[in-house]
Amino acid sequence: MTAEPMSAEPMSAEPMSAEPMSVATDVLVVGSGAAGMYAAIEAARGGAHVLLADRSLIGRGGATIMAQMTVAAALGEETPDDWQHHYADTIAAGRGLCDEQLARLLCQQGPECIRELDQWGVGWARKNGHITATMAPGHDRPRCVYVDFINTGPAVSKTLRTVMARNQTIRKAGDLCIVDLVAGDGEITGAVAYHLGTGAPVTIAAKATILATGGLTRLYRRNSASTNMGGDGYALALRAGASLIDMEFVQFFPIGHLAPRLIGMDPIMWDPFRYKLGGQLLNGRMEEFTSRYGSDEDGKYVLTRDLATYAIFKEVEAGRGSPHGGAYLSFEHCTPASLREAFGPVIDRLAANGIDLTRMPVEVAPIAHYHMGGVKADASMSTEVPGLYVAGEVVGGANGANRLSGNAITEALVFGRRAGRGAAERAKRMALPRLRAQDARAAIDLVCATGDARKSFNTAAAVAQLQSVMTDDVGPFRTATGLQRAFAEIRMLASGLGERPPGHGASFDLERLEWFDLRNMLAVARAVVESALNRAESRGAHQREDFPKMLPQWQVHQSVRWRDGELRVSGAPAAAAAAALAS
Ligand SMILES: Cc1cc2nc3c(=O)[nH]c(=O)nc-3n(C[C@H](O)[C@H](O)[C@H](O)COP(=O)(O)OP(=O)(O)OC[C@H]3O[C@@H](n4cnc5c(N)ncnc54)[C@H](O)[C@@H]3O)c2cc1C
């Protein structure tokens, strides 16, 4: 196997042979959401040749393209604002656990990225010539910019794709799923990929590698993201020796769309409706219920996400849920004219789905939406493993135990840009990529392995089972009993997985791909469950029904590492760690 010097030619679309195709680049970016694309642009600006690889279509595979709403940045064009106000709100929302350095960068540099996207033609909504901003829960003033309330993510994605298309030093390769990073002499020297179109392995030698693979919400049965969000980046980083932090903090969005069926729209789209029009949350008996849980909305949207999630869960538990197991959200008090004035084209999209909000409520329920935890990184987005950088949602710590609305796209832009810069600087210091054949061998063998025909392990059923376990026992409300049950189930699924994937590496072999997915999902699920089991308190997105209070001794980050084939969670206060060991 050789690592060929980088050329500006696109990757061959020809089917690959069983021998690995080998490419080399200065900077490898894995994942082409906002973080990956901004990273690629910035690395290219820094003089690097870049290969941007994605398991899906470039710029269309992750959460960025699905986000329809808002991006938080203290531009202050309409209402005076300053990054420090944004920072104060971010820190308060994070319940004492934000990595202050990362949170500061997010807030301080968000406006620059927003303005750069503006110059690139993203089309932020304007009023009287100023970029306009809207209010969102947890922000002390209108701070969230948008394109419109249905196209913000697609516009960000399209703008970054257009900028990349003008840059000859960025090569793009879709349908390329990275299955393992390659390490040699203690640093990351590239990666091994599974080319979905042919089933063949590809080795990519890189002077610096950036993971921008997004979040993990596919671990849950009901989630707002795409099927690519099984947490690949966390698992890749773990196996490569990096630490994950804050893995217990999975954000659930309380009023995710539940029914009727809604096609082509963001399942969390009811948030802007509530900002603008209030709306009423009702239980299955059409009764207002939030006042029973300490909030009287009275037509206004004042209910916090954690309280709304709790109230809906408890109504369903008490047998007072809506038919599909959630609550009703009603805008029946609104006139057709007021709905159209507030949401224009969105109303037509709803009509295409058979939804007329003036005549019917919709059903909503909490939905897994975002992950606050992730790979530990410093201010240059460098991980503890030399040569490995991270960007976007895969980074842990900036948002602490709870994320503010609009901070995720800002995080993707700011951290993407920083990672691209850091990776290009590293690439400049190195003469050649250093990937050695022997270091990539195990991963190549895995991609090339012939599956065990005698073994009947249904990967799709196992993914569904894992999602049920995570939803039932590792949702927003947790107990030691449920978490221990989840832990046992995950171990059982892991033992069924075996050592090699099924099939023979045929073209678009989804069962084989699912095996690789499951391998990652199980590792990441364990990291979430073990961290949640340890954390014997309630904080932000992690609510323990058996430990309902937030405790000062738990204002600490837990980290997860992979050592000798086992996950090790550390960081719990000494007494708590001893209790967890004893249980
Ligand atoms: C429905 C929805 C609405 C949202 N709305 C908002 C909002 O209004 N405001 C806000 O701030 N945030 C919002 N968020 C969150 C925000 O969109 C994400 O946090 C952010 O876009 C993440 O960007 P990213 O670049 O880190 O990852 P993503 O955009 O998720 O991209 C990750 C990419 O990595 C690729 N990938 C994954 N694994 C591999 C692998 N092994 N090999 C190769 N490629 C891989 C995926 O295919 C994908 O293209 C929303 C999220 C969702 C799901």
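Trainee: Leaving aside neighbours within four places in sequence, with which residues is Leu 446 in contact?

Mentor: This is a predicted model, in which local features need pLDDT of at least 70, side-chain atom pairs count only at pLDDT 80 or more, and totals for chains, interfaces and linings use all residues. Residues are numbered from 1 along each chain as its sequence is written, and side-chain values use heavy atoms, with hydrogens and water left out. Contact means heavy atoms within 4.5 Å. On that basis, the partners of Leu 446 are Glu 499, Arg 500, Pro 501, Arg 512, Trp 515, Phe 516 and Arg 519.

Trainee: Is Leu 446 buried or exposed?

Mentor: Leu 446 lies in helix 11 (residues 437-448); helices (H or I, at least four residues) and strands (E, at least two) are DSSP runs, numbered from the N terminus. Buried means under 20% relative accessible area, exposed over 50%, and partly exposed in between, with a 1.4 Å probe and protein chains only. At 14% relative accessibility, Leu 446 is buried.

Trainee: How far apart in space are Leu 446 and Val 179?

Mentor: In sequence, 267 residues separate Leu 446 from Val 179. Taken C-alpha to C-alpha, the spatial distance between Leu 446 and Val 179 is 9.0 Å.

Trainee: What is the relative accessible area of His 139?

Mentor: His 139 sits in the loop between strand 5 (130-131) and strand 6 (144-145). Beyond its neighbours within four places in sequence, its contacts include His 86, Asp 89 and Asn 407. His 139 is buried, and its relative accessible area is 5%.

Trainee: Which residues of helix 6 are buried?

Mentor: Helix 6 spans residues 270-277 and is mostly covered, with 6 of its 8 residues buried. After helix 6 comes Gly 278, with a positive phi near 80°. The buried residues of helix 6 are Trp 270, Asp 271, Pro 272, Phe 273, Arg 274 and Leu 277.

Trainee: What is the radius of gyration of the protein?

Mentor: The secondary structure comprises 15 helices and 21 strands. The globule rule (2.2 Å times the number of residues to the power 0.38, with the radius taken over C-alpha atoms) is the reference here. For 583 residues the rule gives 25 Å, and the protein is close to this, so it is as compact as a globular protein of that length; its radius of gyration is 23 Å.

Trainee: What percentage of the residues of the protein count as buried?

Mentor: The C-alpha atoms fill a box of roughly 65 × 60 × 45 Å along the principal axes. Of the 583 residues, the buried share is 61%.
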